[in-house]
Amino acid sequence: MKPFLDEAGRAALARTVVQWRLAMDPTDEERRGPFAMLQRADRAQLRRCRAPEDVLLQSAFHRLRQELERQQLQSKPDELALAVGVVVHARHVPNKKFAYSLGHKNASGRVAMSELRFRQLQTCRDEDSFFRQARRAVDLLDGEVDVGLLAADLLQWVREFRRPDPALPPDQRLKLRWASDYYHAALRDADQEPA
């Protein structure tokens, strides 16, 4: 089995999700594109969803799904709903990687997510608990993350969880990438502490 998406596919998916997410925080600028009709109320409805199944009932979700299908970046609706239910709680900060940010120290001098909680996120045994823990992780980052990269990662997590492939090289697996990012940030910060 090949990875969930190649780099070009991940980049296209990330761009589309960012465009969709930003459309729900409209400015006074002229609105165009496939998500021009979205409003803050759409984001509010999505934020009230308690489970991915609730996300499936929202029109803003279907607008994103249709645009991804148009670009031939299809994913199963329930997989996309899990990602949407998490990223709607985030504010887009370009290139702010999720796992790296969780391992990075915050203003209080502590890592955003403890190593124990990070391991629990990495080893969730079902999609519902992963959904809840991923939303909590976004909250720990004060909602600041690259929403496009996060959506691609969340979709990859679901695919790897549902259809594990032992033949997939470790460097292409999400868990290893997240662990590398998390510990890279945590260890870098620890090395920079004064002795």
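Hi everyone, let me start with a pair of side chains: D25 forms a salt bridge with R21, and their closest N and O atoms are 2.8 Å apart. By salt bridge I mean a side-chain nitrogen of Lys or Arg within 4 Å of a carboxyl oxygen of Asp or Glu. D25 is partly exposed, at a relative accessible area of 26%, whereas R21 is buried, at 1%. For those words, buried is under 20% relative accessible area, exposed is over 50%, and partly exposed lies in between, with a 1.4 Å probe and protein chains only.

A quick word on what you are looking at. This is a predicted model, where local features need pLDDT of at least 70 and side-chain atom pairs count only at pLDDT 80 or more, while totals for chains, interfaces and linings use all residues. Residues are numbered from 1 along each chain as its sequence is written, and side-chain values use heavy atoms, with hydrogens and water left out.

Back to the charges. How many salt bridges does the structure hold? There are 15. One of them brings together the side chains of R10 and D153, at 2.6 Å from N to O. That pair links distant parts of the chain, since R10 sits in helix α1 (residues 7–23) and D153 in helix α9 (residues 147–162), 143 residues apart. Helices here are DSSP runs of H or I with at least four residues, strands are runs of E with at least two, and both are numbered from the N terminus. Both R10 and D153 are buried.

Helix α9 comes up again with our next pair. The side chains of E79 and R159 meet in a salt bridge, 2.8 Å from N to O. Here too, distant parts of the chain are linked: E79 belongs to helix α5 (residues 77–87) and R159 to helix α9, 80 residues apart. As for accessibility, E79 and R159 are both buried.

Now for some backbone. Which way does phi go at Q72, positive or negative? It is positive, about 60°, although Q72 is not a glycine. You will find Q72 in the loop between α4 (59–70) and α5, and it counts as exposed at 66% relative accessibility.

N95 has a positive phi as well, of about 65°, and it is not a glycine either. Look for N95 in the loop between β1 (91–92) and α6 (98–103). N95 is exposed, with a relative accessible area of 66%.
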